[in-house]
Protein chains: 2
Amino acid sequence: MTDTMHPFDRAMRLDHLDAGLVRGATEPAWANMVGPFGGITAAALLRAVESHPDRIGDPLALTVNYAAPIADGEFDIALGAARTNRSNQHWILELRQGDDVKTTATAVFGRHRDTWADTEAMLPEVIAPEDIPRSSFFEGVVWANRYDMRFTEGAIPEDGVLSESSTTTLWVRDELERPLDFAALAAVSDIFYPRVFLRRGGYIPAGTISLTTYFHAGQEQIDAVGSDFVLASAHANGFARGYFDQSAHLWSRDGVLLTSTHQLVYFKD
Amino acid sequence: MTDTMHPFDRAMRLDHLDAGLVRGATEPAWANMVGPFGGITAAALLRAVESHPDRIGDPLALTVNYAAPIADGEFDIALGAARTNRSNQHWILELRQGDDVKTTATAVFGRHRDTWADTEAMLPEVIAPEDIPRSSFFEGVVWANRYDMRFTEGAIPEDGVLSESSTTTLWVRDELERPLDFAALAAVSDIFYPRVFLRRGGYIPAGTISLTTYFHAGQEQIDAVGSDFVLASAHANGFARGYFDQSAHLWSRDGVLLTSTHQLVYFKD
């Protein structure tokens, strides 16, 4: 535990207290306006499974439900493999502080096979990150400073500027370069500020309720990204009655689809 | 319990044994090639929460992880509200047969507010269901006969006919007409045969591992559908290393976005 540890790795420090219990702590560097960045919580939950001795295979699907804000300080993750099959494994997790459940999650891990492969999702046509200035985020959103973000469309709108499209596309990498891994990919899959900001022209109270990420990339493809930028593009599908849903894809610079990720977000307007 | 009960309602018969345990049974009318139709399992899990005395609000998000095939006969659903907030509630569920966990799930329910609303997902331009003949499904897929399906694109391919697109769009309603409800919507959100069939030209072993559905529609919009057709359109995003993911939308005939639904599917090829 030294100050020279990468901020992401500091947030991923988990003690396995026993087979079904892991203890971690919030990291000030990943603070959101209320509680920590949802992506870092998703990453910690994924890492709790990844680092469990019973785990088999790679992450395939992760669903995280944000039930209540996590307070600054320690948290416990109760986890167990509800079922282990020959080639995949189903986990259930609860993140608690005291007796309060703050987050619930399920994760599917599995082994891969060589099969026919194809990508149908369209890689956005964008200019290189080197040709785009680094963006600043809202003041006070501490975690956003952990990333070097370069928007190619749909940057955070100025107040009162309404957009007809909710699409945001950006290049993103760790501010302090660090090789990509599954947990970091889980975090970056939640990189997008709320789509309702674009449509309504500025800040609106909003927060993710449920986040699902499908991992397309394997270890070799993630290793090939290294600490390079990944391209992230999100759009909303529908806004209604206080909630909207968002779908997104993350890509490597050479066009490998890394994750598909979806979330349901509440908003007040 | 009579033979005149609608097949969907027969599959939704659940006994609340105590606050945390519900008992149901598979219905032969909803049999898939192995175990029941995934959609009917999703519906039973949703209904277990809906019919729980502690439930607040409407379904917002449902994630179902298919861990192992459900055998014909009784099953138990262990469920509990991990957290109840003022306006939403987070549930965790496990479907078991004996000591075996067959399915895990999380559900978020919540109350709605009137807000600004808009739909960005594009309603497919299609001809009316009355102008399309009813399709037949694979022989032996019993559950498929519970639905009247009319494909506007991407019907089940003939052997050896490969498509460049994985998109399927169809009108669908219950074969025996029945007013739509949240549980039925959860079932129909899993209506699509595996996308890999289209791309590879015929039957390929495949099965859903994880299914997430976001419910955009409220009770009034669902009631307005009644027993009419809904329009369902799905496409794959990426196929790699034995898995693919699918994203889909369900619409009412007058263009209300009812659900966005995503799934991760394994395949062998």
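A: A:Arg241 has a relative accessible area of 16%, so it is buried. Here buried means under 20% relative accessible area, exposed means over 50%, and partly exposed lies in between, with a 1.4 Å probe and protein chains only.

A word on the source. This is a predicted model, in which local features need pLDDT of at least 70 and side-chain atom pairs count only at pLDDT 80 or more, while totals for chains, interfaces and linings use all residues. Residues are numbered from 1 along each chain as its sequence is written, chains are lettered from A and ligands numbered from 1 in the order in which they are written, and side-chain values use heavy atoms, with hydrogens and water left out.

Back to A:Arg241. This residue sits in the loop between β11 (230–240) and β12 (243–252) of chain A. Strands are DSSP runs of E with at least two residues; helices are runs of H or I with at least four; both are numbered from the N terminus. The backbone is worth a look here. Phi of A:Arg241 is near 55°, a positive value in a residue that is not glycine.

Now turn to chain B. B:Arg241 lies in the loop between β11 and β12 (243–251) of that chain. Its phi is near 55°, again positive in a residue other than glycine. B:Arg241 has a relative accessible area of 17%, so it counts as buried.

Follow the loop back into the strand. Strand β11 of chain B covers residues 230–240 and holds B:Leu231. B:Leu231 has 2% relative accessibility and therefore counts as buried. What does B:Leu231 touch, not counting residues up to four places away in sequence? Its partners include B:Leu123, B:Pro124 and B:Val126. B:Thr169, B:Leu170 and B:Trp171 are also among them. Contact here means heavy atoms within 4.5 Å.

B:Thr41 is 25 residues from B:Tyr66 along the chain, and their C-alpha atoms are separated by 9.1 Å.

Next comes helix α2. In chain B, α2 is mostly covered, with 13 of its 13 residues buried. Its 13 residues (38–50) should span 18 Å at 1.5 Å a residue, and the end C-alpha atoms are 18 Å apart, which agrees. The expected span is 1.5 Å times one less than the number of residues. In chain A, 13 of the 13 residues of α2 are buried too.

A:Arg200 shows another contact between the chains. It lies in helix α4 (residues 195–200) of chain A. Its relative accessible area is 29%, so A:Arg200 is partly exposed. Setting aside neighbours within four places in sequence, A:Arg200 is in contact with A:Leu162, A:Asp269 and B:Trp116. A:Ser166 is 34 residues from A:Arg200 in sequence and 9.6 Å away, C-alpha to C-alpha.

Is A:Asp72 buried or exposed? At 71% relative accessibility, A:Asp72 counts as exposed. This residue is in the loop between β3 (58–66) and β4 (74–84) of chain A. A:Asp72 and A:Ala61 are eleven residues apart in sequence and 27 Å apart in space, C-alpha to C-alpha.

Chain A has five helices and 13 strands. Its radius of gyration is 18 Å, close to the 18 Å that the globule rule gives for 269 residues, so chain A is as compact as a globular protein of that length. That radius is taken over C-alpha atoms, and the rule is 2.2 Å times the number of residues to the power 0.38. The C-alpha trace of chain A spans about 50 × 45 × 40 Å along its principal axes. Of its 269 residues, 61% count as buried. Among contacts in chain A between residues at least 6 apart in sequence, 69% join residues at least 24 apart.
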